[in-house]
Amino acid sequence: HKYGKERWIIKPATTKANGYSKYGQLCERCGNIKAKKSRVLYAIGQAKVECDSYTYTGKEIKPKVTVLTENGYVISPSNYTVKYYKNVDVGVALAKVVFTGKFYKGELTDRFVIEPAAPKLTVKNNLKGAKITWKPSKGADGYQIYAYRYTNDKTRTELIADIPAGKTCEWTDTYIRKYPRDDMGYCIKAYVKVGKQKVGTK
């Protein structure tokens, strides 16, 4: 062996393998390490944004990101930077973690959804029933209208309409003409399509 001076010898952890941080001497011939101190750097596990969804504001949304090792330890933010993509408009946004220090190497991403803001409803009764109107929400793919009904001493929430964006911004609930005592009000969800899901807030 031909050992050099004592120093910190670091092999960064990645998303696939553990690394290490050792203080000792490295053999210049075979790579053996004569260590006095040693610490395992556990493999990178996942990056997770603080919430899965946020309401559209018209401004950049930059949620807090927590990064964990594969066995659940929190990795200090001093080891990485976070960049955000598509984080203004309604839809799916990305948080990309890029490791910049000497202890970890690699990249991770997590996604979050920017939901359209729920519009304010206006309800007016007429001869046909309850006419429900609203103003369009920016970026919405559609609207779901829910009615609160009171039947047999129980309150239930019922989806009464699913309307694609751009079609109309009004709906008439004719049910209350037949059962006026059942009506307890309405709410609306402006949604964005994420895969097969319709994501939004009532």
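This is a predicted model: local features need pLDDT of at least 70, side-chain atom pairs count only at pLDDT 80 or more; totals for chains, interfaces and linings use all residues.

Residues are numbered from 1 along each chain as its sequence is written, and side-chain values use heavy atoms, with hydrogens and water left out.

The side chain of Glu 6 meets that of Lys 36 in a salt bridge of 2.6 Å, N to O, the term standing for a side-chain nitrogen of Lys or Arg within 4 Å of a carboxyl oxygen of Asp or Glu. Because Glu 6 lies in the segment before S1 and Lys 36 in strand S3, the pair ties together parts that are 30 residues apart in sequence; helices (H or I, at least four residues) and strands (E, at least two) are DSSP runs, numbered from the N terminus. Lys 36 itself is exposed, with a relative accessible area of 61%.

I noted that the structure holds ten salt bridges. Lys 2 and Glu 28 form one of them at 4.0 Å, N to O, and since Lys 2 lies in the segment before strand S1 (7-11) and Glu 28 in the loop between strand S2 (19-26) and S3, this pair ties together parts 26 residues apart in sequence. Lys 96 and Glu 107 meet in a salt bridge at 3.4 Å, N to O; Lys 96 lies in strand S8 and Glu 107 in strand S9 (residues 107-115), so parts eleven residues apart in sequence are tied together. I also found Arg 149, Arg 156, Glu 158 and Asp 173 joined into one network by salt bridges that share partners.

Is Thr 69 buried or exposed? Thr 69 is buried, with a relative accessible area of 6%, and lies in strand S6 (residues 65-69). Not counting residues up to four places away in sequence, Thr 69 touches Tyr 42, Ala 43, Ile 44, Gly 45, Ile 75 and Tyr 104, contact meaning heavy atoms within 4.5 Å.

One of these, Tyr 42, sits in the loop between strand S3 (33-41) and strand S4 (44-49) and is partly exposed, with a relative accessible area of 34%.

Entry 4, the loop between S7 and S8. I found Lys 86 in this loop, with a positive phi of about 55° although it is not a glycine. Asp 89 is also found in the loop between strand S7 (80-85) and strand S8 (91-99), and, leaving aside neighbours within four places in sequence, Asp 89 is in contact with Tyr 56 and Ile 114.

I counted one helix and 16 strands in the protein, whose C-alpha atoms fill a box of roughly 95 × 35 × 25 Å along the principal axes. The radius of gyration is 28 Å, whereas a compact globule of 202 residues would have one near 17 Å; this radius is taken over C-alpha atoms, and the globule rule is 2.2 Å times the number of residues to the power 0.38.

How values were computed. Buried means under 20% relative accessible area, exposed over 50%, partly exposed in between (1.4 Å probe, protein chains only).
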